[in-house]
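Here is a short note for your first look at this protein. Keep the sequence and the 3D view open as you read.

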Amino acid sequence: MGASPAQAQEPIPAEAEPPTELSEESATLIAARAAAQAAEERGDPTAALASWQLVRAALPADVAAAFGVGRAHAARGERAAALRALRTIPHDAEQAPAAWALAAQLELDDDPRAAAVLFSQVLEQAPADPDAHLGRARAQLRARARPAPDALIADVNAFLCCATEAALAAATPHFVEMSDQLREQGLDDTAAELLRLAVERGVGGEQAELQGRLDRLLVERAARTLTLAAARPLSPTGRAALERARAAAAAGELRAAREQLDAVVAAEPRSAEVRGADGDLLLLQGDVAGAEQAWRWAVALAPEQPEWRARLGVLLAERYAGRRHPEAVEQLRLATRLRPGQAALHMRLAEVLLEMGSFDEAEAELEAALATSPEATVAAAATRRLDDLRRRPPPPSEPPPAAPEEAGAPAAAARSAQITRVYLDRGELERARAELLVVQKLAPDWVGVHELEAAIALRAGDLPAAERSFRAGLRADPAQPQLALALADLLLLRGATAEAEGWLRAAASAGAVDARWQLARLASDRGDLFEAKRELDAYFALAPQGLSLEPAQSLRRQLDRRLARLAAASSGGLLLVAVGAGGWWRARRRRADLRRMVARAPELAPELARTLTAIRHEVLKHNTNLLSDVAHALEHGDGHAAAFAAQRLFGAPGGDGGVVSRFRGDIHHIDVLARRIGLRFHPPSDPVLGPLIDRINALAALEGPMRHPRDRPALAARLRALSTALNTDSYRALGHLIRRLGTLTLTEALIRAVDGRVRAEPQLAGLDLPPLALDLPVDPPQVRVLKGDLEDVLANLLRNAALAVGAARAQGRAPGRLGLRVEEEDDVITGVESVLIRVLDDAPERLTASMVHGREAGRGLGLVVDLIHRHDGSLTVEERPDERAEGYTKAVVVRLQRAEADEVRPGGGEGR
C-alpha cells in the first residue's frame with residue numbers, strides 16, 4: 001500500500017511554533033487528538049475510541065488516528081474491529097511495525113499462523129524487538145508449525161537477552177505454555193533447553209515453577225533410559241558365542257569378531273554383558289559413538305553394575321577433548337559409589353576432576369584411592385598426585401646478576417636488553433620494540449639484538465620477520481645452535497623440509513640435542529629407518545632426560561616394530577634386490593598429491609572433502625585452536641594448561657591416542673583412497689597438506705615439553721608460532737581447498753546427461769515425454785555443491801516432473817511441457833550470491849512446499865531437501881511461476897550458493 005497524500009506532506013517539526021490563527025475545524029481536531037491521548041493515559045478506552053473516531057472521520061488517511069482506533073478497540077476486547085482499523089495502516093508508515101505487533105498479539109489466540117507472519121514482519125523492521133521474538137516463538141508453537149529447534153531457541157534467546165526485568169518476571173506463563181507444547185510435539189530436548197535458559201536468566205523471579213518443570217523433565221528423560229531394565233541373563237549358547245567373539249577380537253580378527261557378536265546381539269539383545277562387549281568391540285573398530293550407545297544400553301539394562309558406567313565415563317572423558325567431562329564425572333562417580341573399594345575408579349575420577357579444575361573434589365577422590373588401594377602402583381600414583389596437588393610454590397628468588405661485560409654488549413645496551421625482555425614477558429610489544437631501538441643504537445653489531453627481534457616477532461605472530469631475524473643472527477655468529485634449531489622449527493612450519501634439515505644438522509653438530517630427535521623424525525617420515533635409528537641412538541646417549549623424551553621413546557617403539565617387520569620381510573633378500581630398482585621407480589611414478597588424485601578419480605572428491613572438513617573442524621578448530629591460550633597461560637606461570645592440552649593432543653603418555661593420532665589416521669585414510677586408484681599419496685608434494693603435516697609433526701615434537709613444561713617462555717613462543725601456522729594459515733588453506741573440491745560449473749552438458757539417464761529409467765518407459773526446454777545463462781554459473789549430490793537432486797526433480805507430465809499428457813489433461821531455468825541472484829541487503837534452478841512443468845497436480853518438506857528424508861523429494869540442506873541451500877515451490885514461465889503450472893526452485901571462479905575444481909569439477 002502506498003502513502004496517502006496526507007502522509008506525503010511534510011510533518012510539522014516538534015519544536016516549531018504553532019500558527020497564530022487556527023480555524024475552528026483544526027482547533028477541534030487538535031482538541032480531539034489531545035483528548036484521545038489523555039483518555040489512553042488514564043485507561044479509558046471508550047473515551048479514547050470516541051475521540052480517535054472523531055479525528056479519523058475528519059482525516060480518513062490519518063495513520064495516528066487509525067492506530068489509536070485500533071488500540072482502543074483492542075483495549076475494549078473488540079478484536080475484529082481492532083484488526084480492521086490496523087489493516088488500514090500503510091506498510092511504509094512509521095507506525096507500521098507497532099501496528100503489526102499489536103495485530104499479532106490480537107491474532108495469537110485465534111489465528112497463530114497469521115500472528116507468526118506478523119511477528120516476522122515486525123522483526124524485519126526491528127530485529128532486536130524482544131517481544132516480537134517471544135511472540136513469534138509462541139505463535140509457531142500454537143500453530144503446530146513444528147519450528148526448527150535452533151530457530152525457536154534463537155528467538156527465545158533474543159527475548160531473554162533484551163527483555164526488561166518486568167517482562168521477564170511476567171513471562172513464566174508463556175514459558176510454561178511453550179514447554180508443554182514442545183513436549184506434546186515430542187521435542188523434549190528443546191523443551192529442556194528452553195526451560196534451562198529461562199531459569200538461568202531469572203524468568204519468573206523465584207523460578208520455582210520453571211525449575212520444578214525442568215527437574216521433572218530431566219528426571220523423566222533419565223527414567224526413559226532405564227525402561228530396559230528387564231535384563232536377561234546370558235544363555236550358555238550365547239556365552240560360548242560371546243567368548244569366541246572376544247577371542248577373535250583379542251587375536252586382531254575384528255571382522256570375524258563382529259560377525260559372531262552381531263549374531264549374539266540379535267539373539268539376546270537384553271543381555272547387559274553382550275551390550276557391554278559390543279561397546280568394547282565397537283571402540284576397537286574406531287566407532288566411538290557406537291561404543292557409547294552400546295554402553296548406555298548396558299547401563300540401562302544393568303544400572304547397578306559399575307563396569308559399564310566406568311567404561312562409559314572413561315570414554316566420555318577421553319574421546320571428547322574435555323567437552324563432556326561433567327557427564328564423565330557423573331558416570332564415574334556413580335561407579336565409585338557402587339564399588340567404593342575400587343581404587344582405580346577413584347583414581348580415574350580424580351584425573352577428570354583435576355582436568356576440570358575441581359581440585360577439592362579431586363583431592364577427596366585421591367585420598368579414597370589411597371585408602372582403598374591394595375596395589376602399590378595405584379597407591380604410588382595417588383600419593384604423587386596428592387603431593388603435586390598440595391605442593392606450595394617456592395618463594396620468589398632472583399638469579400645473581402651477570403657482569404655487564406659477560407653480556408657481550410656495552411652495559412647500557414645490556415640494561416636496555418633486559419628492559420626489552422621484561423616488556424616482552426608482560427606482552428607490551430610496542431614498548432619492547434621501542435626499547436629494542438635503544439639496544440640497536442647502542443650495540444648495532446651485538447648478536448643478541450637479532451634474538452630479541454625474533455622473540456618480538458614470534459610474540460606478534462609475524463613468522464617471516466622472526467625467520468629473517470634468526471638468519472641475521474646466524475650470519476653474525478654461526479655457532480649458535482639454539483638459533484639454528486629455532487630457525488629449523490620455522491622452516492618446518494612452512495614446509496621447507498630440506499632447508500630445515502640442513503639447519504638441524506648444523507644445530508646437532510653444535511650441541512643442540514633436540515635437533516637429533518627432529519632429524520630422526522624426518523628420517524622416519526621419508527622411510528630411512530636406519531638413519532632414524534642412528535639419530536635416535538645419539539639423542540638418547542646425549543639426553544636421557546631431554547625435552548622431547550616421550551615422543552622420542554614413542555618413535556623408537558615404532559621404529560623397532562618397523563625394523564622387525566623389515567627384517568622378517570628380507571628373508572627373500574635376493575628377490576628384493578632383483579625387483580628393488582624397478583619397484584622404487586614404479587613407486588615414485590605412483591606418488592600423487594590431492595590434485596592428481598581428483599584428476600584421476602573425480603568421484604573421490606566428496607570423500608576427500610569430508611575428510612578434510614573433519615581435519616579442519618576436529619583437529620584445528622576444536623583442538624589446536626587452544627595453543628594460543630596455552631601459550632598465554634604459560635606466560636603467566638600456569639604449566640597445568642600445557643599438560644592438559646598435551647593430554648588432548650597426544651593422549652595418555654606412551655600411547656598413540658589424542659588429536660595428533662587422529663590426524664595421522666585421517667592422512668592414512670587419504671592414502672588408502674589413493675591406493676584404491678593405483679596411486680600413493682605423497683604429502684611433500686601437496687601444497688596444502690604437506691605444510692600441515694610438517695606443522696603437526698612440529699607440534700608432536702613438543703609433546704615432552706608440554707607434558708613437563710620447564711622453559712615456559714620458550715615453549716610459549718613456539719606454541720604461538722605453531723598456533724598462527726595451524727589455526728590461521730593451514731585453516732584458511734584447508735577451507736579454500738574444501739571449497740574447490742565442493743564446487744562445479746552448472747553446464748548444459750551436465751543437465752542433459754542427467755535428463756538422459758532419467759528418461760532411460762524403466763518407470764518412464766512408454767510415457768510420451770516432451771523434450772526438456774532449457775533456459776541457461778550465457779556463462780554457466782558455478783555453484784558450491786558436490787557433483788554427485790547435485791546430480792541426485794536434478795534426477796529426483798526431473799523424474800518427479802516427468803512422471804506427472806507424462807501421466808497428464810496421456811489423459812489429455814495438459815499439453816505436456818517440461819522446462820529447467822537457471823538464474824543468478826544477488827541479495828542487495830545481505831550480499832549473498834545464489835544460483836536458482838527452476839524445474840518447471842504444466843501438470844495439473846498440485847505441489848506445495850509443505851508437501852515437499854514433509855516427505856520422508858531417505859526417499860524422493862525428501863532426499864532432495866536433505867541433500868540441499870547439507871550444502872546450505874533451500875528448496876521452495878512456486879505454484880504460480882513468474883511471467884517468464886508462461887504455460888507452466890508450477891516450479892520447484894532450488895537455491896544454492898554461487899562460487900567464485902577460482903573455487904572451481906580443475907579437472908572433474910565441471911559438469912562434463
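1. Start with a term. Two residues are in contact when they have heavy atoms within 4.5 Å. Keep in mind that this is a predicted model.

2. Take leucine 699 as a case. Setting aside its neighbours within four places in sequence, leucine 699 is in contact with Thr624, Leu627, Leu649, Phe650, Val660, Met706, Leu719, Leu722 and Leu726.

3. Now step back to the core. Leu699 is among the residues with the most contacts inside the largest nonpolar core, which has 81 residues. Met597, Leu612, Met706 and Leu719 are also in that group. Helix α40, residues 712-741, gives the most to this core: 12 residues. Where does the core lie? It lies between domain 3 (406-454 + 461-477) and domain 4 (591-740), because both give residues to it.

4. In soluble globular proteins, nonpolar side chains tend to be buried together.

5. Look next at alanine 413. It sits in helix α23, residues 411-425. Is it buried or exposed? Alanine 413 has 0% relative accessibility, so it counts as buried; the cut-off is under 20%. Not counting residues up to four places away in sequence, alanine 413 touches Val439, Leu442 and Ala443. Its C-alpha atom is 9.6 Å from that of proline 444, 31 residues apart along the chain.

6. Finish with the whole protein. It has 44 helices and 9 strands. Of its 912 residues, 45% count as buried. Among contacts with a separation of 6 or more, 62% join residues 24 or more positions apart.

Methods:
Residues numbered from 1 in each chain as written. Predicted model: local features only at pLDDT ≥ 70, side-chain atom pairs only at ≥ 80, totals over all residues. Heavy atoms only, no water. Core = buried A, V, L, I, M, F, W, Y, C linked by side-chain atoms within 4.5 Å. Buried < 20%, exposed > 50% of the residue type's maximum accessible area, 1.4 Å probe, protein only. Helix = DSSP H or I, 4+ residues; strand = E, 2+ residues; numbered from the N terminus. Domains from an automatic or database assignment.
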